[in-house]
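Here is a briefing on how this chain packs. It starts with ring pairs, then moves to cores, surface and overall fold.

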Amino acid sequence: MSDEARVAAPAVVGLAGPGHRALLERLAIPVVSAPIADHFLLVEADGRLELRPPEALDRPGLRAELPPEKSGRSSGAHPLVRAFGKARIPILDLTAGLGADAYRLADAGHRVRACEREPAVFALLQSSWDEAKRTGRVPAALAARLELVFADARDLLAALDPVVGGEGGVYLDPMYPPPKRASALPRRELQ
């Protein structure tokens, strides 16, 4: 899809303290001192950023949850990890989003380069990743296998140097919602 064909994203501004100001500035997200009407707001909460919609600035927002597993189930049992097989290969995750899939693949032993092109989503991902490493929720060996990249996946693909006989994988998450839901609305992450 061409840049001209992309749907304009809603305006996002950051109301972040010094801990995330540099990240927001690097991503060209304006930092403001007060909320702006009809703008999504990136705010600091518990050491990481969360995204709040204009109509719910007083409620907790969307954030990346790293590590993503809450059930205690190992990443190796996840269908995505099984799909890539037991051989530990480098994987390029072209649509990192909030990072759950990239984290699971790195946790299973793969070297993962996770790419996200949307500045607000990347800010959520990077701030959660930094906080998870800082607080020790991510083992050092796993942290060494997962790299977050703010870029358009097309640029990363164009720069790939194919090696004859080399192994590796490319992952493109289709973002299909679960088949059955009690609500007609998609999960909050998809909204």
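A search of the whole structure, a predicted model, finds three aromatic pairs. Rings of Phe, Tyr and Trp (its six-membered ring) pair if their centres lie within 6.5 Å; planes under 30 degrees apart count as stacked, over 60 as edge-to-face and the rest as tilted. Local features need pLDDT of at least 70, side-chain atom pairs count only at pLDDT 80 or more, and totals for chains, interfaces and linings use all residues. Residues are numbered from 1 along each chain as its sequence is written, and side-chain values use heavy atoms, with hydrogens and water left out.

**Aromatic pairs**

- Phe 84 and Tyr 171 pair edge-to-face, at 6.3 Å centre to centre with 75° between the planes.
- This pair links distant parts of the chain: Phe 84 sits in helix H2 (residues 79–84) and Tyr 171 in strand E7 (residues 169–171), 87 residues apart. Helices (H or I, at least four residues) and strands (E, at least two) are DSSP runs, numbered from the N terminus.
- Both Phe 84 and Tyr 171 are buried. Buried means under 20% relative accessible area, exposed over 50%, partly exposed in between (1.4 Å probe, protein chains only).
- Phe 122 and Phe 150 form a tilted pair, at 5.4 Å centre to centre and 45° between the planes.
- That pair also links distant parts of the chain, with Phe 122 in helix H4 (residues 119–134) and Phe 150 in strand E6 (residues 146–150), 28 residues apart.
- Phe 122 counts as buried because its relative accessibility is 1%. Phe 150 has a relative accessible area of 32%, so it is partly exposed.

**Nonpolar cores**

- The largest nonpolar core has 34 residues. Such a core is a set of buried Ala, Val, Leu, Ile, Met, Phe, Trp, Tyr and Cys residues joined through side-chain atoms within 4.5 Å.
- Leu 42, Ala 123, Trp 129 and Leu 146 have the most contacts inside this core.
- Elements giving two or more residues to the core include helix H1 (18–26), strand E3 (48–52), strand E5 (111–116) and helix H5 (140–145).
- H4 supplies the largest share, seven residues.
- Trp 129 touches Leu 66, Tyr 103, Val 138, Leu 142, Ala 143, Leu 146 and Leu 148, not counting residues up to four places away in sequence. Contact means heavy atoms within 4.5 Å.
- A second, separate core of seven residues includes Leu 92, Leu 94, Cys 115 and Leu 156.

**Helix H3**

- H3 is largely enclosed by the rest of the structure, because six of its eight residues are buried.
- Those buried residues are Asp 101, Ala 102, Tyr 103, Arg 104, Leu 105 and Ala 106.
- Gly 109 follows H3 and has a positive phi, near 110°.

**Strand E7**

- Val 170 is found in strand E7. It counts as partly exposed because its relative accessibility is 48%.

**Overall fold**

- The protein has six helices and seven strands.
- From the N terminus on, the elements run β-α-β-β-α-β-α-β-α-α-β-α-β.
- Of the 191 residues, 39% count as buried.
- Among contacts between residues at least 6 apart in sequence, 62% join residues at least 24 apart.
- The accessible surface comes to about 11100 Å², of which 56% belongs to carbon and sulfur atoms. Accessible areas come from the Shrake-Rupley method with a 1.4 Å probe; for residues, only the protein chains shown count as cover.
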